[in-house]
Amino acid sequence: MIQAIFVSKKSKQAQIGIDAVKVDAGKGIVGDRYYGKKGTDGPNITFVESEEIAAFNANFGQNIGLSATRRNIVTQGVRLNQLVGQEFSIGDVRFYGVELCEPCGSLGKSLANDSISSPQVVRGWLHRAGLRANVLSTGILRTGMQFNLIQKGTK
């Protein structure tokens, strides 16, 4: 399910939590910094598991919030790594899981502090930092909505 939704109008600007958002096919989240920038051939929305945020906090003695990874959608009870190469839906909106959203140096720097270095942050999020997906249909996403895997041959 969708636990939280975050957008940021500009690249290094703080993310804002919202309860609902419109997504456009091939463009991403209306009003987000990446809207329409990757086109239909590139991932245009990101997801991260709230369970992985909690695990990072527990494993490294941190207290990062749900928006700290700068992903758009925070999920609960969804194994995102299993959605790579899969079509799925949230409500009436369809998505395609393109690739894992692996941690980068920017994430390392933003979460590093006196007790954890940037390289430790990156290693801690390896294969756990979320999913990049394409938006395949236009619609509205709201917190609390459930994920559904679309079986091949159905739409």
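Visitor: Which residues have the most contacts inside the largest nonpolar core?

Guide: This is a predicted model: local features need pLDDT of at least 70, side-chain atom pairs count only at pLDDT 80 or more, and totals for chains, interfaces and linings use all residues. Residues are numbered from 1 along each chain as its sequence is written, and side-chain values use heavy atoms, with hydrogens and water left out. In soluble globular proteins, nonpolar side chains tend to be buried together. A nonpolar core is a set of buried Ala, Val, Leu, Ile, Met, Phe, Trp, Tyr and Cys residues joined through side-chain atoms within 4.5 Å. Buried means under 20% relative accessible area, exposed over 50%, and partly exposed in between (1.4 Å probe, protein chains only). The largest core here has 22 residues, and those with the most contacts inside it are Ile-45, Phe-47, Phe-88, Ile-90, Phe-95, Leu-141 and Phe-147.

Visitor: Which elements give two or more residues to this core?

Guide: They are β1 (2-7), β3 (20-24), β5 (45-49), β7 (87-90), β8 (93-100) and β9 (131-135). Such strands (E, at least two residues) and helices (H or I, at least four) are DSSP runs, numbered from the N terminus. A second, separate core of 14 residues includes Ala-4, Ile-53, Leu-111 and Ile-116.

Visitor: How is a pair of aromatic rings described?

Guide: One gives the distance of the centres and the angle of the planes. Rings of Phe, Tyr and Trp (its six-membered ring) pair if their centres lie within 6.5 Å; planes under 30 degrees apart count as stacked, over 60 as edge-to-face and the rest as tilted. By this rule the count comes to 7 aromatic pairs. The ring centres of Phe-47 and Phe-147 are 5.7 Å apart and the planes stand at 70°, so this pair is edge-to-face. It links distant parts of the chain, since Phe-47 lies in β5 and Phe-147 in β11 (residues 147-149), 100 residues apart. Phe-88 and Phe-95, by contrast, are stacked, with 5.3 Å from centre to centre and 15° between the planes. Phe-47, Phe-88, Phe-95 and Phe-147 form one aromatic cluster.

Visitor: How many bridges join β7 to β8?

Guide: Two strands pair if DSSP finds at least two bridges between them. β7 and β8 run antiparallel and are joined by 4 bridges, with Glu-87 opposite Tyr-96 in β8. Their hairpin has 2 residues between the strands, and in it Gly-91 takes a positive phi near 60°. β8 is also joined to β9, in the antiparallel sense, by 5 bridges; there Phe-95 has Val-135 as its bridge partner.

Visitor: What is the order of the strands in the open sheet of 3 strands?

Guide: The order is β4-β3-β10, with antiparallel pairing. β4 (28-29) and β10 (139-142) stand at the edges with a single partner strand each, so one side of each is left without a neighbour in the sheet.

Visitor: Which residues of helix α1 are buried?

Guide: In α1 (residues 50-60) they are Ser-50, Glu-52, Ile-53, Phe-56 and Asn-57. These residues cover an arc of only 165° around the axis, which puts them on the same side of α1; the arc is that of the directions from the helix axis to the C-beta atoms. The face turned away from the buried side of α1 carries the exposed residues Ala-58 and Asn-59. The buried residues of α1 pack against β1, β5, β6 (73-75) and α3 (118-125), where contact means heavy atoms within 4.5 Å.
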